[in-house]
Amino acid sequence: MKILIVYRNREGTYWETIKDMEKKLVERGHKVDLLSREDDLNMGSLSNSMGSLPVAIERKDKEKNYDIIYTQDWSIAFPLLIPNRILAKKHYCFFHDIEPSGAKSRILQKIVGNMIGEKLIVKTKELKEKFPRAVFSSDGIIITL
């Protein structure tokens with residue numbers, strides 16, 4: 001499979017998880033490309049990426065014809081869902097943690113998680129309780145990938 005992993009930036013524990021995920025997927029024979037909203041596309045926030053991130057992802061998908069677009073975090077998934085849902089058949093999302101930023105962010109995480117439904121993969125049991133339709137996977141790798 002050809003997989004595009006889209007994430008915020010190359011910092012912290014999320015980055016370590018993403019690199020580990022990439023390594024495991026490549027070991028299973030998949031072709032994996034990484035795309036950072038902040039580092040590669042210079043979109044520093046959700047508001048900056050609302051119009052531009054879907055365009056950039058669709059452009060890359062048109063070039064490579066990915067089997068899976070795998071967003072890492074609600075703020076990366078949100079622009080692919082609102083105002084128009086794009087790449088719905090290919091789009092999966094991985095939530096690493098319960099959103100710590102504040103009430104508005106937690107509400108948006110809940111909206112995205114519910115919209116993604118069974119295509120949501122969650123890292124913690126707490127997230128699985130919050131999103132019962134999600135698939136639990138502590139490393140973000142699910143059997144179907």
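For the first entry I needed a definition: a helix axis is a line fitted to the C-alpha atoms over the stretch in contact, and the angle between two axes is taken between their N-to-C directions. I note that the model I examined is predicted.

**Entry 1: helix 4 and helix 5**

I looked up how helix 4 (residues 74-81) and helix 5 (residues 103-116) are placed. Their axes come within 10 Å and cross at roughly 60 degrees. An angle from 65 to 115 degrees would count as roughly perpendicular and one under 35 degrees as roughly parallel; helix 4 and helix 5 are therefore oblique to each other. I recorded the crossing of these two helices as left-handed.

Which residues of helix 4 meet helix 5? I found Trp74, Ala77, Phe78 and Leu81 on the side of helix 4. Their partners in helix 5 are Ser105, Leu108, Gln109, Val112, Met115 and Ile116.

I then asked how many residues of helix 4 are buried. The count is 8 of the 8 residues, so helix 4 is largely enclosed by the rest of the structure. Among these buried residues are Trp74, Ala77, Phe78 and Leu81, which I had already listed as meeting helix 5. Ser75, Ile76, Pro79 and Leu80 are buried as well.

I also looked up what the buried residues of helix 4 pack against. The helices concerned are helix 2 (46-49), helix 3 (52-64) and helix 5. The strands are strand 1 (2-7), strand 3 (68-72) and strand 4.

**Entry 2: aromatic pairs**

I found 3 aromatic pairs in the structure. Tyr7 and Trp15 form one of them, with 5.3 Å from centre to centre and 35 degrees between the planes, and this pair is tilted. Both Tyr7 and Trp15 are buried.

Another pair is formed by Phe95 and Phe131. Their ring centres are 5.4 Å apart and their planes stand at 75 degrees, so the pair is edge-to-face. It links distant parts of the chain, as the two residues are 36 residues apart. Phe95 belongs to strand 4 (residues 91-95), whereas Phe131 lies in the loop between helix 6 (125-130) and strand 6 (135-136).

**Entry 3: lysines over rings**

Finally, I looked up which lysines lie over aromatic rings. Lys110 lies over the face of Phe131, at 5.2 Å from the ring centre. Lys119 lies over the face of Tyr92, at 5.1 Å from the ring centre.

Terms used
Residues are numbered from 1 along each chain as its sequence is written. This is a predicted model: local features need pLDDT of at least 70, side-chain atom pairs count only at pLDDT 80 or more; totals for chains, interfaces and linings use all residues. Side-chain values use heavy atoms; hydrogens and water are left out. Rings of Phe, Tyr and Trp (its six-membered ring) pair if their centres lie within 6.5 Å; planes under 30 degrees apart count as stacked, over 60 as edge-to-face and the rest as tilted. Buried means under 20% relative accessible area, exposed over 50%, partly exposed in between (1.4 Å probe, protein chains only). Helices (H or I, at least four residues) and strands (E, at least two) are DSSP runs, numbered from the N terminus. A charge sits over a ring if NZ of Lys or CZ of Arg is within 6 Å of the ring centre and within 35 degrees of the ring normal. Axes are lines fitted to C-alpha atoms, for helices over the stretch in contact, and angles run from 0 to 180 degrees between N-to-C directions. Angles under 35 degrees count as roughly parallel, over 145 as roughly antiparallel, 65 to 115 as roughly perpendicular and the rest as oblique. A crossing is left-handed if the near helix is turned anticlockwise from the far one by less than a right angle, and right-handed if clockwise. Contact means heavy atoms within 4.5 Å.
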